[in-house]
Amino acid sequence: MSRPTTTPTATAHTRPAARRNALPGRLSPGMACDTAFRIIARRHLDAVIAQHDGTCRGDPEALHQIRIALTHLRTAIRFFSPMVDDALRAGVWAELRWLNNQLGMVRDLDVAIERVVAATSNELAVIAELRAWDEKRAESHRLLTRALQSARYRRLIDQTSAWIKSGPWSTRRSKETIRLRRCSLADHASAQLAKWEKTLLKKARKLAKLDIEKRHKLRLLNKRLTYSIESVEDLFADKSLEKQKAVLKQLRKAQRCLGQLNDDARGQALAASLNGAGPDAAAHFHDRKREKRLLRTAMAAYRKLDKTKPFRSSDLGPALEADD
């Protein structure tokens, strides 16, 4: 159960303008990487914009979805590096990180409040404790709404949109940058997915020994690979679609476990920072048996994933001529 604070909002940033040069609706294996990046990044930026109003109203689900869309967008930028590594990328990235930080505190509080409600059977006790959580949530949401209605947010949307469409990355004339833009999506995606999967599995083998911070970094690697596979889902068909589903099943299982462990760590930190929540507030988020169970489940998922062969270009369809 979430307990959002409703705050009146100003009119949200205008919806995406109609684009004069419409992009294809779907990805294709032989599509050039510059076109593919524009399609994927635009999809996720539009999804961020679509959840703006609901997030300002205090809807926890809208907040959850805007964070997912934002993470997808940031992952797409990483996925197409170094092609998009131009002079403006660092500024775009810094602003997207700023927005993610604004959203993160309220989302962490929503998750923590749900956990407190679920873990407490004494109604009077939970009412007293939730007062402190709700006050913190209300304060954080006011700051978030102010950020989402700010000139900085509007500039972020406009500048990111313009950069995706025609940033310096799209016109650089060196042989290497031209090669990267013209590379087929199937070739680039298969190489990038295999590289990220190798890195993830190497670190996952040490999961039982990782501390909270390193577990968090592993979770981010897991999320990066998961979201990238989802972003190029148009490319999977027939037998490769079954392989994609099998890989995503294990990645999502590990992601849920690592996410819950991260929520526990964040909940403990938030509880320690609250005034009036009581001395036992952090106890809701500390359960050694639960931690062991989640770690076992995640490790089992990674063992199964390790037995799956990395994606190849042929898994993503034949390398056709690049789309116009």
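**Helix 8 and helix 11**

I looked up the handedness of the crossing between helix 8 and helix 11 in this predicted model, and found it left-handed. From helix 8, E197, L200, L201 and A204 make the contact, and helix 11 supplies Y302, L305 and D306. I then took the geometry: the two axes come within 10 Å and cross at roughly 135 degrees. Helix 8 is therefore oblique to helix 11. I noted the residue range of helix 8 as 185-204.

**Helix 11 by itself**

I checked the length next. Helix 11 runs over residues 288-306, 19 residues in total. From first C-alpha to last I have 27 Å, close to the 27 Å expected at 1.5 Å a residue.

Which residues of helix 11 are buried? I listed R290, E291, L294, L295, A298, A301, Y302 and L305. They span an arc of only 130 degrees around the axis, which means that they sit on the same side of helix 11. I went to the other side of helix 11 and found K289, R296 and R303 exposed there.

**Helix 3 and helix 8**

I turned to the other pairing of helix 8. Helix 3 covers residues 60-79, and its axis comes within 11 Å of that of helix 8. The crossing angle is roughly 105 degrees. That angle lies in the range of 65 to 115 degrees, so helix 3 counts as roughly perpendicular to helix 8. On the helix 3 side I recorded T75, R78 and F79 in the contact. On the helix 8 side I recorded H188, A189, Q192, L193 and W196.

Where is P82 found? I placed P82 in the loop between helix 3 and helix 4, the latter being residues 89-119. I looked at the peptide bond joining S81 and P82 and found it cis, with omega about 10 degrees.

**The whole chain**

I counted the elements last. The protein chain has 11 helices and 0 strands, and along the sequence the pattern reads α-α-α-α-α-α-α-α-α-α-α. Of the 324 residues, 50% are buried. I also looked up how far apart in sequence the contacting residues are. Among contacts with a separation of 6 or more, 81% join residues 24 or more positions apart.

Methods
Residues are numbered from 1 along each chain as its sequence is written. This is a predicted model: local features need pLDDT of at least 70, side-chain atom pairs count only at pLDDT 80 or more; totals for chains, interfaces and linings use all residues. Side-chain values use heavy atoms; hydrogens and water are left out. Helices (H or I, at least four residues) and strands (E, at least two) are DSSP runs, numbered from the N terminus. The expected span of a helix is 1.5 Å times one less than its number of residues. Buried means under 20% relative accessible area, exposed over 50%, partly exposed in between (1.4 Å probe, protein chains only). The arc is that of the directions from the helix axis to the C-beta atoms. Axes are lines fitted to C-alpha atoms, for helices over the stretch in contact, and angles run from 0 to 180 degrees between N-to-C directions. Angles under 35 degrees count as roughly parallel, over 145 as roughly antiparallel, 65 to 115 as roughly perpendicular and the rest as oblique. A crossing is left-handed if the near helix is turned anticlockwise from the far one by less than a right angle, and right-handed if clockwise. Contact means heavy atoms within 4.5 Å.
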